[in-house]
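Thanks for coming, everyone. I'll keep this brief. Please look at the screen while I talk.

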Amino acid sequence: MPDGENVWVLTETGAVYIEMKMISAEEKALLLLAETQKYVDRRGMISQKYLSEPRNLESILPDDDSDNDESLTSGFAIGEIFRYTKKKKEKGIGHPDTIEAKKVAIRAVEANLLLLYVHCRGNGFAARTYLCADEPVPDDGLFFRITDGKATCLETTDSKNKNVVGVEIDASAEIPERLAKLFTDLGYTKNDLIYKSDTSSDEITHHFLHLLIAHEYLACDDAELDELIKVSAKGLMSHIIDNGYELHDFTGEPTTWAKWSTRYFETEFGWVDGALNAAELLMYHLVTMKVTGEEGRWRESYNHLINDLGYADMTE
């Protein structure tokens, strides 16, 4: 039953009054942001959460990871970087709204950067996501528990199928202190970390996109953050080049989907991925050159891809 711009609705369990309240797009965005920060944020990562009771936000399940933690957090970080840029232009760098927007953006960027170090391999690899010791490990994918400088592959259906349960690898590399604070400030240590490997190309693509946007618009007045961005870009790009344009996991072989090599393009699935993955790889090189301000091996590799391997032609 209409009531002006509002409406009464009779349901099986009772009557509901729906108020049609006019708000601006920014007001709506801030409401959704507050909800995201309160219910979805997991040490800076923004991906997904589930409810034990429909429509009851207070029934949110406390623990949840996703293969897409990095990708979804990248999108969130980029949006918040642009919000910060807009607030800085409109209200000035010292305005409370600008400061708050910058704080939210930095937290998301740091959470994404942490995934490039949380595995402690020290070789430019990128983890899909990570858990802490008191979070349940899902039976989905390959997970490694770090203990005293070593990482052990945990038992899951995937690790059993691949016969890698109990495989132990090096985890002696250090995590930058600024990034580690995302878990150390909550009382966790490096020995409480469990990370997920077998990372895909979409996570790598979102890494480079978010590194570029963060460098251009967020880290311009934060030298420490900008240096982390530059080192991260170089580490990830070096790993890909050094491993024949593939992301290599603990086995010394490429992950299931993070492959941009010609040998992959010659396979059944790789042929379909060729145009997109070729464009991705060229973009990675350009972003690395832009972020670092260097050319050197990045330009040499980029020219090799175009002039010798025909990657630009593949994208058409």
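Start with Glu135 and Arg43: their side chains are joined by a polar contact of 2.9 Å. By polar contact I mean a pair of N or O atoms within 3.5 Å; within protein, one must be able to donate a hydrogen and the other to accept it, and residues adjacent in sequence count only if both atoms are side-chain atoms. This is a predicted model, where local features need pLDDT of at least 70, side-chain atom pairs count only at pLDDT 80 or more, and totals for chains, interfaces and linings use all residues. Residues are numbered from 1 along each chain as its sequence is written, and side-chain values use heavy atoms, with hydrogens and water left out.

Where does Glu135 lie? In the loop between strand S4 (129-132) and strand S5 (143-147). Strands are DSSP runs of E, at least two residues; helices are runs of H or I, at least four; both are numbered from the N terminus. Glu135 has a relative accessible area of 7%, so it is buried. The cut-offs: buried is under 20% relative accessible area, exposed over 50%, partly exposed in between, with a 1.4 Å probe and protein chains only.

Now Thr129, in strand S4. Its relative accessibility is 0%, so Thr129 is buried too. Its side chain makes a polar contact of 3.3 Å with that of Arg42.

Next, positive phi outside glycine. Arg55 has phi near 70 degrees. Arg55 sits in the loop between helix H1 (25-39) and helix H2 (69-91). Buried or exposed? Exposed, because Arg55 has 81% relative accessibility. Cys120 has phi near 60 degrees. Its loop runs between helix H3 (96-114) and S4. Cys120 is buried, because its relative accessible area is 1%.

On to the helix pair. The axes of H7 (residues 223-242) and H10 (residues 296-308) come within 11 Å and cross at roughly 40 degrees. That angle makes H7 oblique to H10. Axes are lines fitted to C-alpha atoms, for helices over the stretch in contact, with angles from 0 to 180 degrees between N-to-C directions. Under 35 degrees is roughly parallel, over 145 roughly antiparallel, 65 to 115 roughly perpendicular, and the rest oblique.

Which residues make the contact? From H7, Lys234, Met237, Ser238, Ile241 and Asp242; from H10, Arg297, Trp298 and Ser301. Contact means heavy atoms within 4.5 Å.

Last, the whole chain. It has 11 helices and 10 strands. Of its 316 residues, 47% are buried.
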